[in-house]
Amino acid sequence: MTCEDPKCAIHGGLKTRGAEFTGKIVSAKAKKTAIVERDYTRYIYKYERYLRKRSRIPAHNPECIGAKEGDMVKIAESRKLSKTKNFVITAVVKKEE
Ligand SMILES: [Zn+2]
């Protein structure tokens, strides 16, 4: 499949650097954008317990990847792509059944 997206990490000129996460897409309504939700734990020393946290990261969803809602995806940090996006989806880990 040909991909003309300049903001594609594989076919375009976009370089990734910094953080890499795996998360689940909770919304893929906007064109070429997906909201990736990530669960993680943070250790709180005072209470010697883990705090469960959740973050939502808007990521660029190139046409060649075309990830859908429910998919597990890998995202990588990149330059600022729009007002809210500075992550790009690099691979689909698991498709939703
Ligand atoms: Zn591409």
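## Before you start

Residue numbers start from 1 along each chain, following the sequence as written. Because the model is predicted, local features need pLDDT of at least 70 and side-chain atom pairs count only at pLDDT 80 or more, while totals for chains, interfaces and linings use all residues.

## How the strands pair

Let's begin with strand 1, residues 16-27. Strands here are DSSP runs of E with at least two residues, numbered from the N terminus, and two of them pair if DSSP finds at least two bridges between them. Strand 1 pairs with strand 4 (residues 72-78) through six bridges, in the antiparallel sense. Along this pairing, F21 sits opposite I75 of strand 4.

Strand 1 also runs antiparallel to strand 2 (residues 33-44), joined to it by three bridges. Here K24 has E37 of strand 2 as its bridge partner. The hairpin that these two strands form has five residues between the strands.

## Two positive phi angles

Most residues other than glycine have a negative phi. K32, in the loop between strand 1 and strand 2, has a positive phi near 60°. How exposed is K32? K32 is partly exposed because 19 other C-beta atoms lie within 10 Å; the scheme calls a residue buried at 20 or more such atoms within 10 Å, exposed at 12 or fewer, and partly exposed in between, with C-beta atoms placed from the backbone.

E48 is not a glycine either, and its phi is positive at about 50°. You will find E48 in the loop between strand 2 and strand 3 (49-60). E48 is exposed, because it has 7 other C-beta atoms within 10 Å.

## A closer look at I35

I35 belongs to strand 2. With 19 other C-beta atoms within 10 Å, I35 is partly exposed. Setting aside neighbours within four places in sequence, I35 is in contact (C-beta atoms, placed from the backbone, within 7 Å) with I25, V26, S27, R56 and P58. I35 and H60 are 25 residues apart in sequence, and their C-alpha atoms are 8.9 Å apart.

## The nonpolar core

In soluble globular proteins, nonpolar side chains tend to be buried together. A nonpolar core is a set of buried Ala, Val, Leu, Ile, Met, Phe, Trp, Tyr and Cys residues joined through C-beta atoms within 7 Å. The largest one here has 14 residues, and A34, A59, A67, I75 and I89 have the most contacts inside it. Strand 2, strand 4 and strand 5 (87-94) each give two or more residues to this core, and strand 5 gives the most, with three.

Beyond residues up to four places away in sequence, A67 touches I25, A28, A34, N61, V73, I89 and V92.

Note on methods:
Helix = DSSP H or I, 4+ residues; strand = E, 2+ residues; numbered from the N terminus. Contact = placed C-beta atoms within 7 Å.
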